[in-house]
Amino acid sequence: MQLSVDPAAATPPYEQIRAQIAERARSGELPTGLRLPTVRALAEELGLAAGTVARAYRELEADGVVETHGRRGTLIAATGDTAHRLAAAAAAEYAERATRLGLPRADALAAVDAALRLAYQEG
């Protein structure tokens with residue numbers, strides 16, 4: 001698995017790793033069930049600290065992109081359903097919080113629209 005990290009980039013190395021693996025998993029380039037390199041092996045390959053790769057893997061697991069199975073290692077998860085389920089849960093949580101804060105629906109939607117525009121321009 002060829003990943004690249006630009007140490008001069010404004011984006012932290014763990015986020016560069018996370019983004020590359022997530023995108024390749026979503027595109028199918030990294031198929032469901034593929035075993036990723038161990039944290040130590042990938043850190044060594046990229047010339048990074050193991051903690052940097054471990055953080056990327058933890059965030060990928062939290063996002064449902066990978067699953068960790070003890071001795072079987074870290075595997076690419078079936079992300080389609082997981083990604084939609086996690087996004088729906090986050091949206092429901094936001095809607096509940098916006099309602100508790102007393103935001104009008106239009107203001108809550110405007111906040112989401114602004115956040116999405118920012119996230120997709122930078123990602």
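In helix α2, which spans residues 39-46, three residues are buried: Leu-42, Ala-43 and Leu-46. They sit on the same side of α2, because they cover an arc of only 100° around the axis. The face turned away from that buried side carries Arg-40 and Glu-44, both exposed. What covers the buried residues of α2? The cover includes α1 (13-27) and α3 (50-62). Just after α2 comes Gly-47, with a positive phi of about 70°. All of this is read from a predicted model.

**The chain as a whole**

The protein chain holds five helices and two strands. From the N terminus, the order is α-α-α-β-β-α-α. The C-alpha trace spans about 50 × 35 × 25 Å along its principal axes. Of the 123 residues, 26% are buried. The accessible surface of the chain comes to about 8,400 Å², and 54% of that belongs to carbon and sulfur atoms. Take the contacts between residues at least 6 apart in sequence: 46% of them join residues at least 24 apart.

**Helix α3**

Helix α3 has 13 residues, which should span 18 Å at 1.5 Å a residue. Its end C-alpha atoms are 18 Å apart, in agreement with that figure. Which residues of α3 are buried? They are Val-53, Ala-54, Ala-56, Tyr-57 and Leu-60. Seen down the helix axis, these buried residues fall within an arc of 160°, so they line one face of α3. An α-helix has 3.6 residues a turn, so residues three or four places apart point the same way.

Just after α3, Gly-64 takes a positive phi of about 80°.

**Salt bridges**

Side chains of opposite charge can pair when their charged atoms come close. The count here is six salt bridges. Three of them are listed below.

| Salt bridge | Closest N and O atoms |
|---|---|
| Arg-18 with Asp-63 | 3.9 Å |
| Arg-55 with Glu-59 | 3.2 Å |
| Arg-100 with Glu-96 | 3.0 Å |

Arg-18 forms its salt bridge with Asp-63. Arg-18 lies in helix α1 and Asp-63 in the loop between α3 and β1, so the pair ties together parts that are 45 residues apart in sequence. Is Arg-18 buried or exposed? Arg-18 counts as buried, at 15% relative accessibility; the cut-off is under 20%. Asp-63 is partly exposed, with a relative accessible area of 36%.

Arg-55 and Glu-59 are four residues apart in helix α3, which means that about one helical turn separates them. Arg-55 is partly exposed at 36% relative accessible area. Glu-59 also counts as partly exposed, at 26% relative accessibility.

Arg-100 and Glu-96 both lie in helix α4, again four residues apart, or about one turn of the helix. Arg-100 is exposed, with a relative accessible area of 57%. Elsewhere, salt bridges that share partners join Glu-15, Arg-18 and Asp-63 into one network.

**The nonpolar surface patch**

Six residues form a nonpolar patch on the surface: Tyr-94, Leu-101, Leu-103, Val-112, Leu-116 and Tyr-120. Together they have about 610 Å² of accessible area. Which helix gives the most to the nonpolar patch? Helix α5 (residues 105-122) does, with three residues.

Tyr-120 lies in helix α5. Tyr-120 is exposed, with a relative accessible area of 68%. Tyr-94 is in helix α4, which covers residues 79-100. At 32% relative accessibility, Tyr-94 counts as partly exposed.

Leaving out residues up to four places away in sequence, Tyr-94 touches Leu-103, Ala-108, Ala-111 and Val-112. Tyr-94 and Val-112 are 18 residues apart along the chain, and their C-alpha atoms are separated by 9.0 Å.

Ala-110 also has its place in helix α5. Ala-110 is partly exposed, with a relative accessible area of 44%. From Ala-110 to Ile-76 the C-alpha distance is 34 Å, and the two are 34 residues apart in sequence.

Terms used
Residues numbered from 1 in each chain as written. Heavy atoms only, no water. Patch = residues over 30% accessible without salt bridge, like charges linked within 9 Å, V, L, I, M, F, W, Y side chains within 5 Å. Areas by Shrake-Rupley, 256 points an atom, 1.4 Å probe, with all protein chains shown as cover. Salt bridge = Lys/Arg side-chain N within 4 Å of Asp/Glu carboxyl O. Buried < 20%, exposed > 50% of the residue type's maximum accessible area, 1.4 Å probe, protein only. Arc of directions from axis to C-beta. Contact = heavy atoms within 4.5 Å. Expected span 1.5 Å × (residues − 1).
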